[in-house]
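Here are a few exercises to work through with the model open beside you. Try each task before reading its solution.

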Amino acid sequence: MTTRNALVIGAGSAGTATAILLAESGWEVDLVEINPVVAAIGSGITLQGNALRVLRRLGVWERARERGYAFDSLGLRAPGGELQAEIDDVRTGGPDLPATLGMYRPELARVLIERAGEVGVRVHFGVSCARLEAGDRQAAVTFTDGTAQRYDLVVGADGVRSATREMLGIEAGTRGTGMGIWRAFVPRPDSVTRTDLYYGGPCYIAGYCPTGENIYAYLVERAQDRSGLSGQDSLRVMRDLAENYHGTWDEIRRALTDPGKVNYAHFETHLLEKPWHRGRVALVGDAVHVCPPTVAQGAAQALEDAAVLAEEVIEEGDATESALQAYAARRFDRAKTVVDASNQLGQWLLDGEPGDVPGLMARVSELVSQPA
């Protein structure tokens, strides 16, 4: 039997998950990451049950649970901190998995990289793809260190501004949604045992998610240019916005002292039309679909891409045209539903319209409760 080889570009969740699944099935896999160490931008990540279902398939669920914080409900609060509603979250990964797991993003990256090494993935940091030719039978790759190799499959998992996608000549049409988010990573108050969302006040959403001994707290505002702010200025702006929220936010605000733990980003969105490949090069994760985190499905959808792509390629025995077509066919409508719902919820907030939020969330939960 011929041993197939694959290159995965980008060691985020989608890329590392793809590498693990291919290596487990007997493929020889190289995983390259332009950053010199295991890292991830941002402070925390919310993983819903359908993401946890993929983590279990990857063999890392127990490690993730130990290093994260699991919970099964959601609180809705007024700016003063008063609890207005408590909602039981849907266990979209199945009854034997929690509804949600909060994690520190770099910790999730480390868990996945550990597993990749265990199953034989060759991980290369500080290197990436400099040139790519997407042939019908193999893809030819020249790396940034000057070496070259041919692969039966190349997977571009290199994010929103994917260089792989650009080398394929694909335009994503990424656009801002009109919102920006302040995030900070602070010690977890004893009162925080789940995500609570505050509505009202100067921000569209003020929320927090437990990740273990810490939480990541966030404030969503109308998008604006914050690029010229120093670290101290950014800290001051987030503290000033947080002054409008109380209850647990009073404790969070007192803990906002380190400008290095604060970051700001604009919400963006795009969704590529099918196919999601050219020749032997396929795209996964944020390279193909990005949505604001209003329904907390970004990481889950990226992990589902990895699972479905690997499943189709492994079943076919090679990264054939039919396997890669089947991958996008299985994923497109599901990803589109999530992207559209995420954007719709954000637009309702921007427009000050109530919208049918419970109905929208129920439709998304029902969809992702079924395996991808």
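**Exercise 1.** Find which residues T100 is in contact with, leaving aside its neighbours within four places in sequence.

*Solution.* Contact here means heavy atoms within 4.5 Å. With that cut-off, T100 touches T46, L47, Q48, L52, Y69, A70, F71 and D89. Next, look at D89: its side chain makes a polar contact with the side chain of T100, at 3.4 Å (a pair of N or O atoms within 3.5 Å; within protein, one must be able to donate a hydrogen and the other to accept it, and residues adjacent in sequence count only if both atoms are side-chain atoms). Finally, T100 has a relative accessible area of 3%, so it is buried (under 20%; exposed is over 50%, partly exposed in between, with a 1.4 Å probe and protein chains only).

A note on the model: it is predicted, so local features need pLDDT of at least 70 and side-chain atom pairs pLDDT 80 or more, while totals for chains, interfaces and linings use all residues. Residues are numbered from 1 along each chain as its sequence is written, and side-chain values use heavy atoms, without hydrogens and water.

**Exercise 2.** Work out how many disulfides the structure holds.

*Solution.* A disulfide is a pair of cysteine sulfur atoms within 2.5 Å. Start with C203: the closest cysteine sulfur, in C209, is 18 Å away, too far for a bond. Then take C291, which is in no disulfide, the nearest cysteine sulfur being that of C209 at 16 Å. The total is zero. As for burial, C203 counts as buried at 4% relative accessibility, and C291 counts as buried at 16%.
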